[in-house]
Amino acid sequence: MRVLVTGSRGQVGSAVVAALADHAEVVAVGHATLDLTNANAVRACVRETKPALIVNAAAYTAVDKAEQDAATAEAVNAIAPGILAEEAQRLGAALIHYSTDYVFDGTKSSPYREDDPTNPLGVYGRTKLAGEQAIVASGCVHVILRTSWVYGPTGGNFLLTMLKLAATRPELRVVDDQIGAPTSSLLLARVTREIIERMRSEPGTLTARMGVFHTTARGSVSWCGFARRIFKRWSELSPEPFTAPKVIPIPASEYPTPARRPANSRLAGDKLAAAYGVRLESWEDGLEEVLRTLASR
């Protein structure tokens, strides 16, 4: 099976490419080789590749910057996914696409389900929701995986930022009133591979079970709690001497940002488990895997 992976140099895309290396003929394209703001280039890429499946791991994820750069965010997060979906439909290919908890406003007191009303708070969330809608409107066979708080052993993410700051600061103030499930890029890659394996072993699987699925690690924690867990385990796993900084909990109001964040980013994942039999690990287990990966380097 030929699989086109966009955003292949990002933290999710690179993990997907690695996970599929022995399972498919992977055509990996990153920002340097495919400009997602160029609609003609996106169409040409799909038509030249002729994949059986497109995995769109590309996204404009600079949440705060998007508030001042809405045109680029829309091009990458909304228009490009729609074009990929249209081309997939034309080819008879399928599309797996990653979306976000930011399509919700975070005011619900319990985990969000796939059919809960959306209400994004900013440009990033609005453009990601528009991308979802464009994919559905195309009529292509699709699986949209909404996730949250993505991190991994590579890329720009909360975990790596915390470890970098810990090297120079004895004390860190971290938001404690936003709750979510830190989800590793490695978990997302495994879920993607499992869905593809079901697609290959059971023809028609994606057609019968397509739609939007929440895909996050099990459990939840605040950013402050996540930071404390990172430092606790890294102090035990780091191959070099490491002194954990003191982590001080603060409300989001003390850390203002251009874009508003959902206070509740928890997503219920039982629909994915029911449809594909995918096991979603706990966020603690996911963190352990990523930190051990970093330590092994």
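**Exercise 1. Which strand pairs with E4 (residues 94-100), and over how many bridges?**

Solution. Strand E5 (residues 141-147) is the partner, in the parallel sense, over 7 bridges. Pairing requires that DSSP finds at least two bridges between two strands. Strands (E, at least two residues) and helices (H or I, at least four) are DSSP runs, numbered from the N terminus. Within this pair, serine 99 lies opposite arginine 146 in E5.

This is a predicted model, in which local features need pLDDT of at least 70, side-chain atom pairs count only at pLDDT 80 or more, and totals for chains, interfaces and linings use all residues. Residues are numbered from 1 along each chain as its sequence is written, and side-chain values use heavy atoms, without hydrogens and water.

**Exercise 2. Describe how H3 (residues 70-91) meets H4 (residues 123-138).**

Solution. Start with the axes: they come within 8 Å and cross at roughly 15°. Axes are lines fitted to C-alpha atoms, for helices over the stretch in contact; angles run from 0 to 180 degrees between N-to-C directions. H3 is therefore roughly parallel to H4 (angles under 35 degrees count as such). Next, the contacts (heavy atoms within 4.5 Å): residues of H3 including Ala73 and Gly82 meet residues of H4 including Thr127 and Ala134.

Key. Angles under 35 degrees count as roughly parallel, over 145 as roughly antiparallel, 65 to 115 as roughly perpendicular and the rest as oblique.
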